[in-house]
Amino acid sequence: MKKPGRACGKCGSVLSQYNPDSRCARCARSVAAPHVPDRAWRDASVQQALAVWDFGELLRLLRHRSGLSQMDVRALTGFTQSHISDLENGRKQLGGRDAIIGLLTGLGIPADLRPILLTPLSTPPRTAVAEALDPALPWTAARMVRSLEVAVGGPVKRRNVLTALSGSALTPYILHSVVAPAEALAAEGREGTRVTASLLDSLQRTTDALRELDATSGSGNLSGTATRHLRVLLGLTKSGTYDERTGRRLAAVTADTAMQAGWYALDGGRHEAAQRLLLGALRAAHASQDSRLRAGALSFLAIQGYSVGDPRDAVTAARTARQLLADQDAPALRAMLLTRQARGHARLREERHALAALQEAEALCGRGPGENDPHWLYWVNPGEIHGQRGSVYLELGKPAEAAAAFASARGSLATDAARTKAQFLSRAATAQMRAGDADAGCATGEEVLAMVRDVRSARLDDHLQSMLAEARRFGGARPVRSFVEHGEEVLRERVPA
């Protein structure tokens, strides 16, 4: 006996055997598309969740107040049903700026509620560090100065800043740096030092000179010098007198100096101090209204993300920085950011994304410097891209490909940048040994050991340790044993007395 056919749940007409839905095609087309009504957004608890960036709670509240299912939200946002469930139950956080914007756009956030994203949290911070790093506090000149004063030695209680601002917590900071309005920086009528163009030229030259010393001999003792230099700039910002244009440039020099100080701290192994300085640099870059400086600060945060933090931060920071450069002719800067993004993808084992980013970086690099590329990006060349490709392959567990990439890059290494060259060659030696070529790895490693005695860099020391660890895997063969003994001697000499 033939089974009765299924009927449309709305009009009762017989459904085709090939229609898996509960409605016929006509009724399915007539059903209104799911949406979040305006009244749901006006709920006080919804707006509170928006203000504190609790997007899982925001999603749950909006669904319940709109009568939407998780599948309805999937249709609006493109998120999978399982991801929506994980967000609502706190098992996951939104992974970056694009995800946040995609969620809020899909849910149809009213335009007049967007400023709530920039409002301060209702609970005051409990420590000086938390206050200085809170992204929701206004992005003003005073807040910039306060953030950097804490970073260079203000009243700081011990806490794990990297934990506090990793993963989803760092994402609001990155997004605020893009959307927060910039404050006017004129400071006329004071009796303080008149900030002139020639004074700023001199201060910028000091920052550039420190950058050159870092490339040749490592961060070493530069951190203290950079911190004192940064204090001078902060003093001028607080008590100097300057017009709007000069104030912007003062903020720019401050941002560049804070970035370098943050890098010296990172290179020296002081990761919490590095993050405080880099976040302060991001505020100063924002005050300068120079998108290239904001991109630069984000690039250093990306390095910290893939080196010692959450590699997702590296991807988010690099992507956001590239978006900031949409109106700039800066192919070298965009190429550099793509290599940072690739390193983050590699740490996440996202090989396809990592290699795609490197391919795009190589194409941009082939165009040569652009009109808006910063003067300090002279080192971005095809060899740098090949070297980053080698590091990516090493992270992905492909040592033979890494060794080949490092070999392609070797001819482009600057002979006077000892720290940079030593770090590069130490990773090349590690790749050679992981690929099974102990002789080549030891030979390259000996080159490294010959050039590092006067270079001070904690990150380089980590690379040297990894290189020697690979050599030890080959056992007691005489050439390898000789290399390991030499390396251990060099490392002992590098330990401060």
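Predicted model: local features only at pLDDT ≥ 70, side-chain atom pairs only at ≥ 80, totals over all residues.
Residues are numbered from 1 along each chain as its sequence is written, and side-chain values use heavy atoms, leaving out hydrogens and water.

User: Are helices α13 and α14 roughly parallel or roughly antiparallel?
Analyst: Helices here are DSSP runs (H or I, at least four residues), numbered from the N terminus. The axes of α13 (residues 222–239) and α14 (residues 244–267) come within 9 Å and cross at roughly 155 degrees. Axes are lines fitted to C-alpha atoms over the stretch in contact, with angles from 0 to 180 degrees between N-to-C directions. Angles under 35 degrees count as roughly parallel, over 145 as roughly antiparallel, 65 to 115 as roughly perpendicular and the rest as oblique, so α13 and α14 are roughly antiparallel.

User: Which residues of α14 make the contact with α13?
Analyst: Contact means heavy atoms within 4.5 Å. On the α13 side, the residues include L222, A226 and L230. On the α14 side they are L250, V253, T254, T257, A258, A261 and Y264.

User: How many residues of the contact of α13 with α14 are nonpolar?
Analyst: Ala, Val, Leu, Ile, Met, Phe, Trp, Tyr, Cys and Pro count as nonpolar, Asp, Glu, Lys and Arg as charged, and the others, Gly among them, as polar. The contact has no charged residues and 5 polar ones. The nonpolar count is 11.

User: Which residue forms a salt bridge with K398?
Analyst: A salt bridge is a side-chain nitrogen of Lys or Arg within 4 Å of a carboxyl oxygen of Asp or Glu. For K398, the closest N and O atoms of the pair are 2.6 Å apart. The pair links distant parts of the chain, 47 residues apart: K398 lies in the loop between α20 (382–395) and α21 (399–409), and its partner in helix α19 (residues 351–365). That partner is E351.

User: Are R211 and D208 buried or exposed?
Analyst: R211 and D208 form a salt bridge, with closest N and O atoms 2.7 Å apart. Buried means under 20% relative accessible area, exposed over 50%, partly exposed in between (1.4 Å probe, protein chains only). Both R211 and D208 are buried.

User: What is the relative accessible area of R453?
Analyst: R453 sits in the loop between α23 (438–451) and α24 (458–472). Not counting residues up to four places away in sequence, R453 touches H486, V490 and E493. R453 is partly exposed, and its relative accessible area is 37%.

Technical notes:
Helix = DSSP H or I, 4+ residues; strand = E, 2+ residues; numbered from the N terminus.
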